[in-house]
Amino acid sequence: MMKAAQNENKIRVMTASEFKTKIREGKIPAIDEIDAVTCGTFGIMSGTIAVFSFQATEAGVFGKAKSVFFNGVPTVIGPCPNENNGFIDLIVLGTAVSKDSEKYGGGRLFKDLVLRRAILAEIETDNDSFTKTLTIDDFNTARIILTRGAFKNYTAFVNVSDESVSTIFSVRPLKGESEEATVSGCGEINPLQNDPFLKHHKPGTFVLINGAPGIIIGTGTRSTKDKPNLSAAADMFEMNPDLMGGFVTAKGAECLTSVASVIPITDTETYAALQITDEKISLPIIDVSSRRIVAETTYAAVWKGVDAEISVSPEKCNRCGECAAAAFCPTGAISDSCIVSDECVFCLSCTSACPNGVFTADGGSLFVNGKTVPIRLRQSDRRRGEKAASLLKSEIEFGRWVI
Ligand code: SF4
Ligand code: SF4
C-alpha cells in the first residue's frame, strides 16, 4: 500500500516504544490519528547466514575451489561449481567459529565486512593454495539471509539442577539451583509480537535487516502459529554495523542481528495487537536441561524499571590479573583500562563476572518457585531494537520507504 500522504511526508508514524509510552500514559491515539507503527528487535539470531560471490583469480587458473576461510572462519563452497571461471560462491554460517580464535565467528566477520575492514581469505583450490585480502567491495554478492529470525519473543532460562551447565543461553556455565537467569527477546517492541497473526509480515514485505533494506521470504524454520518467526534477506553493502555483530556463548560463536518492520494500522484487530505492553506478554521460564517450564512471568520483569545500559566505575578496578569481566564479555567490548566500547550490547555479563563492582546495572529479576532469581544475562538489546525501529520511522517520514 502506498499512501498519498507519504509522498508529502505527512504520514503519521510512531515507533513501538513511543506508542507504548502513550498507552501507559493513558493517551492512546484514536485509530484515525496514526498511520503506522515501526517495531524492532536485536539479539542473537542463530539462523543467520551470508552468501558471498567474488572473483578469486582470472579464468582458467584453477578448476574448482576446495576450501576457503575468511579471517579463519570456515565457509561452505558453492552451491554453484564455478568451474574454471575464477569465481567462488560460498556460504558462511553466522555461528561458524574461526580456526584461529574461538572468540571470532561468522557474526563478527559480517560486521567487520560491513565496517569495510579488510579480511584475509585463505583459499585452497584443486591445484594451488593462496591468500587474498578482500573488503566488502570486492564481492559481487554479499547478502545476509535469515533462515529464522525475529522470533515473536522467546524465553528465560534457569538451571534447576545442582550443577552448573554450559549452554548457548549463557556466556559462563549457568549456575545450578536457579541461582541466576538468562533472558532473550525485546518484548513489546518486537515486530511479530505486535503482529501476532503475521498480517503485515508476509512474503514480499520490506523490512530492515541490520539497518539495510531487505525483504521477507516467508516464515522461518521452526516457525509455528504460536511462536512465529521470519525468514528474510538483505544485501550487506548498506548495513549499519551498530545493528549487527558477534557474540560468544559458553558453547561458541553466535550472530547478533536486527530486524525492523512497519505495521500499517489498517483495522481494529491490528490496532488492538499494537496496544499490548510488556506487562501482558508472557515469558515462560524454562529449565535449560529438561526444557520444562518451571515458572512464568511477563516481559515487564525483563524491561520495566531496569537499567538498559551499564555503569562503569574504573576507579574500583584493582587490576586483578586476567580480567574476568573482559574474558566473559561476549562481544569483546572491554579493554584493559575498563573502557567499554560501542560493541557493548548491555548483556549484563560483566556485572557478575567482575568481583569488584566495576560494572553495575539493575538487570531485573524473575520469581521462580518462591525464589527471586537475578537476571545475569540478556541476549537481546532492546536499545538497539529501538534504534532499528527509529531508523525505519525516519526512512518513512523522509519518504524513502513505501509502506
Ligand atoms: S575483573 Fe574487575 S577488578 Fe578485575 S581487572 Fe576486571 S574490571 Fe578490574
Ligand atoms: S554489558 Fe559488559 S559483558 Fe556485556 S557486552 Fe557490555 S561490556 Fe561486555
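Modeller: Let's go through confidence, a sheet, the cysteines, a ligand and one serine.

Biologist: Okay, what is the mean pLDDT of the chain?
Modeller: This is a predicted model, and the mean pLDDT of its chain is 95. Of its residues, 98% reach 70 or more.

Biologist: And where does pLDDT stay under 50?
Modeller: Over residues 1–7. The model has 17 contacts for that stretch beyond four places in sequence. Where pLDDT is low, though, the predicted coordinates should not be read in detail.

Biologist: Got it. Now the open sheet: in what order do its four strands come?
Modeller: The order is 5-4-8-9, with antiparallel pairing. Strand 5 (73–74) and strand 9 (129–134) are at the edges. Each of those two has a single partner strand, so one side of each has no neighbour in the sheet.

Biologist: How many bridges join strand 8 to strand 9?
Modeller: Six, and the two strands run antiparallel. Strand 8 covers residues 119–125, and a hairpin of three residues takes you from strand 8 to strand 9.

Biologist: Which residues of strand 9 stand opposite glutamate 124 and glutamate 122?
Modeller: Glutamate 124 faces serine 129, while glutamate 122 has threonine 131 as its bridge partner.

Biologist: Is cysteine 39 buried or exposed?
Modeller: Buried, because its relative accessible area is 0% and the cut-off for buried is under 20%. Cysteine 347 counts as buried too, at 8% relative accessibility.

Biologist: Which residues come nearest to ligand 2?
Modeller: Cysteine 347 is one of them, along with Cys329, Thr331, Cys344 and Cys350. The shell has 13 residues around ligand 2.

Biologist: How many of that shell are nonpolar, polar or charged?
Modeller: The shell around ligand 2 has 11 nonpolar residues, two polar ones and no charged ones.

Biologist: Last one: where is serine 184?
Modeller: Serine 184 sits in the loop between strand 12 (181–183) and strand 13 (206–209).

Biologist: Buried or exposed, that serine 184? And what does serine 184 touch?
Modeller: Serine 184 counts as buried, because its relative accessibility is 11%. Leaving out residues up to four places away in sequence, serine 184 touches Tyr154, Thr155, Tyr299, Gln379 and Ser380.

Note on methods: Residues are numbered from 1 along each chain as its sequence is written. Chains are lettered from A and ligands numbered from 1 in the order in which they are written. This is a predicted model: local features need pLDDT of at least 70, side-chain atom pairs count only at pLDDT 80 or more; totals for chains, interfaces and linings use all residues. Side-chain values use heavy atoms; hydrogens and water are left out. Buried means under 20% relative accessible area, exposed over 50%, partly exposed in between (1.4 Å probe, protein chains only). pLDDT is the predictor's confidence in each residue, from 0 to 100. Contact means heavy atoms within 4.5 Å. Two strands pair if DSSP finds at least two bridges between them. A residue is near a molecule or strand if one of its heavy atoms lies within 4 Å of it. Ala, Val, Leu, Ile, Met, Phe, Trp, Tyr, Cys and Pro count as nonpolar, Asp, Glu, Lys and Arg as charged, and the others, Gly among them, as polar.
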